[in-house]
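Please keep the sequence and the coordinates at hand while reading.

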Amino acid sequence: MALEKMNLSQKNWESMAEQSGLDMTQLDQEAIFMACQRLRHLLERLDKIADTETEVAGVFQSQDYDI
Amino acid sequence: MIAPDNDKTGQDEISHLSVWDLSGFLESGQLLASEITEAFIRRIEEKNPSYQAFLTTSFDQAIELARQADDRQVKKQRRGPIDGIPVALKDAYDTRGLRTTVGSGLFADRVPAADSAVWEKLQESGAVLLGKLDCTEFCLGGPSPDVAYPTSLNPHDTRRYTGGSSSGAGVALATGMVPAAMGSDTGGSIRIPAAFCGVAGIKPTYGLVSLRGLFPLSGSLDHAGPMARTSRDCAMLLDAIMGYDPAHPSSSKKQIAATTPGLSENCQGVVIGYVSNFSEAEGVTEESRTACLRALDVFSVLGAKIKHVSLPSLWDFTIANTTIMTAEAYAIHKDRFRNNLDKISNLTRHRISLGAFFTAEDYIKAQKARRVLTSQTYQLMAEHGLDLLCYPAMLGDPPEIDKVSPYYYLEAPLITAPANITGAPAAAVRAGFSAANMPMAFQLTGRLYGDGKVLAAAHAFEMATAEFSKIME
């Protein structure tokens with residue numbers, strides 16, 4: 001089943017939904033779940049270009065604070 | 001000295017004139033700012049009930065600002081080419097004393113205490129504010145039936161989407177309600193409505209225009225920029241609004257020279273890379289691809305050299321953009337989403353809630369990918385000696401309003417996302433009309449701080465293809 005393949009089990013999903021603090025009754029849970037699954041699948045694409053231990057996000061630039 | 005392209009100065013035609021022409025007529029004294037402002041007010045009163053581009057108008061203030069511009073003209077103290085030009089702002093730009101809703105019912109009574117940096121700059125240039133333009137909810141919503149304000153309608157076909165989130169700007173320009181507008185762009189929100197409504201727009205280099213007072217969607221991807229009916233007008237507006245702003249952390253200390261003086265009618269010496277894998281990506285229609293290839297033929301005639309190149313997959317840019325944007329948006333709005341979800345439209349609710357389900361690992365992975373994709377893009381441009389990249393601005397015709405999907409960027413790649421990821425200047429340029437008689441457009445993107453080259457090529461193309469220009473009567 002796709003759930004296991006995406007490493008997003010029903011238990012994990014329920015836990016994430018609870019942690020989000022969102023009132024899930026006001027959301028189409030199936031639509032969001034499907035979007036999450038799709039997103040996780042697409043995020044795997046980035047592993048080949050970014051998921052190495054030596055890569056950094058590069059968000060801090062010292063010269064920006066050298067006033 | 002600005003020499004207008006057009007000699008029409010009758011009241012009926014004023015609303016069809018470009019910023020360039022209006023500026024020339026103001027400079028020569030052939031038109032008064034107050035005449036121009038009154039003509040646009042009449043046009044808004046005539047057209048806005050049908051197309052709903054303006055959320056809030058500021059006509060009394062506009063008449064007073066126009067009178068002040070006329071006084072400066074009499075005293076030969078004109079502040080520059082934008083002095084006396086009417087503008088409107090996407091309703092995400094703060095305006096002191098004037099309601100700024102960001103398209104949300106939760107902000108129906110939000111009246112900022114300070115102006116945004118862009119409106120400050122425009123005021124210094126003498127611009128006349130006509131009002132605030134429809135903005136999809138929190139700059140990430142869409143045409144949901146339960147939105148708080150009337151949704152602007154595409155004048156080319158009211159059943160089809162205007163594109164977002166600078167929807168009102170696209171519509172107001174296309175219908176002649178305003179000659180100049182300000183939009184913002186996090187994943188394509190200037191370029192998509194410009195393309196769908198048949199007008200011009202540029203997302204400048206990241207940091208070139210201050211984001212201070214522009215309500216954020218995703219601070220690391222947000223760009224403030226102009227929209228108009230021509231790229232030359234966009235250049236005039238960009239020159240007025242760019243500049244280092246020490247009061248905002250994303251503002252770039254490096255700035256560029258004014259772009260308008262560098263405009264010309266040819267592209268001699270310009271090297272353009274046609275990004276073939278973007279143009280052939282999933283979802284791009286044959287018609288959109290062909291329009292882009294036809295544009296390249298025009299650039300060849302104008303003297304540009306064309307090369308075919310390939311960048312990483314459009315999906316890689318799309319998913320990095322979507323992850324960063326949605327995670328940052330949720331972080332901004334989490335309290336509203338936890339406490340007032342029922343006051344947020346269904347489509348926005350679903351789009352931004354997705355950000356609650358990312359992990360820190362996901363976000364960092366996307367930021368790492370952003371750095372790698374950015375390096376690869378500029379390395380490719382350097383290796384091939386490219387000044388510009390060219391590819392479609394849209395996959396195809398605008399979708400019908402009731403078919404806009406909450407997660408369209410997960411169903412097909414977002415062809416505007418690469419320039420948000422790389423921070424590159426990126427313009428949407430008109431490329432004619434589709435078989436369905438809808439506007440088509442291509443993108444020109446440049447190297448960082450190459451905004452002038454992007455606008456110069458776009459202007460040369462527009463001068464060679466005037467038949468693509470169309471203001472709705």
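## The model and its conventions

This is a predicted model, in which local features need pLDDT of at least 70, side-chain atom pairs count only at pLDDT 80 or more, and totals for chains, interfaces and linings use all residues. Residues are numbered from 1 along each chain as its sequence is written, while chains are lettered from A and ligands numbered from 1 in the order in which they are written.

The pLDDT is the predictor's confidence in each residue, from 0 to 100. Chain B averages a pLDDT of 96, and 98% of its residues score at least 70. The model has an ipTM of 0.86 and a pTM of 0.96.

## Overall form of chain B

Chain B contains 16 helices and 11 strands; helices (H or I, at least four residues) and strands (E, at least two) are DSSP runs, numbered from the N terminus. Its radius of gyration is 20 Å, close to the 23 Å that the globule rule gives for 473 residues, so chain B is as compact as a globular protein of that length. This radius is taken over C-alpha atoms, and the rule is 2.2 Å times the number of residues to the power 0.38.

Of the 473 residues of chain B, 60% count as buried. A residue is buried if 20 or more other C-beta atoms lie within 10 Å of its own, exposed if 12 or fewer, and partly exposed in between, with C-beta atoms placed from the backbone. Among contacts in chain B between residues at least 6 apart in sequence, 79% join residues at least 24 apart; two residues are in contact if their C-beta atoms, placed from the backbone, lie within 7 Å.

## The sheet

The 11 strands of an open sheet in chain B follow the order 1-3-2-4-6-5-10-11-9-7-8, with mixed pairing. Its edge strands, each pairing on one side only, are strand 1 (54–57) and strand 8 (305–309) of chain B. Two strands pair if DSSP finds at least two bridges between them.

Strand 5 (residues 200–203) and strand 10 (residues 426–433) of chain B are antiparallel and share 3 bridges. Here Lys203(B) stands opposite Ala426(B). Helix 10 (residues 286–301) of chain B packs on the sheet, and its direction makes about 145 degrees with that of strand 9 of chain B. Axes are lines fitted to C-alpha atoms, for helices over the stretch in contact, and angles run from 0 to 180 degrees between N-to-C directions.

## Two enclosed elements

In strand 3 (residues 128–133) of chain B, 6 of the 6 residues are buried, so the strand is largely enclosed by the rest of the structure. Strand 3 runs antiparallel to strand 1 of chain B, with 3 bridges, and parallel to strand 2 (residues 86–90) of chain B, with 5 bridges. Lys132(B) is the bridge partner of Thr56(B) and also of Leu89(B).

Helix 6 (residues 167–174) of chain B has 8 of its 8 residues buried, so this helix too is largely enclosed by the rest of the structure. Gly176(B), which follows helix 6, has a positive phi near 70 degrees.

## Contact with chain A

The contact takes 27 residues from chain B and 26 residues from chain A. On the chain B side, helix 13 (360–383) is among the elements that give two or more residues, and helix 13 of chain B gives the most, with 9 residues.
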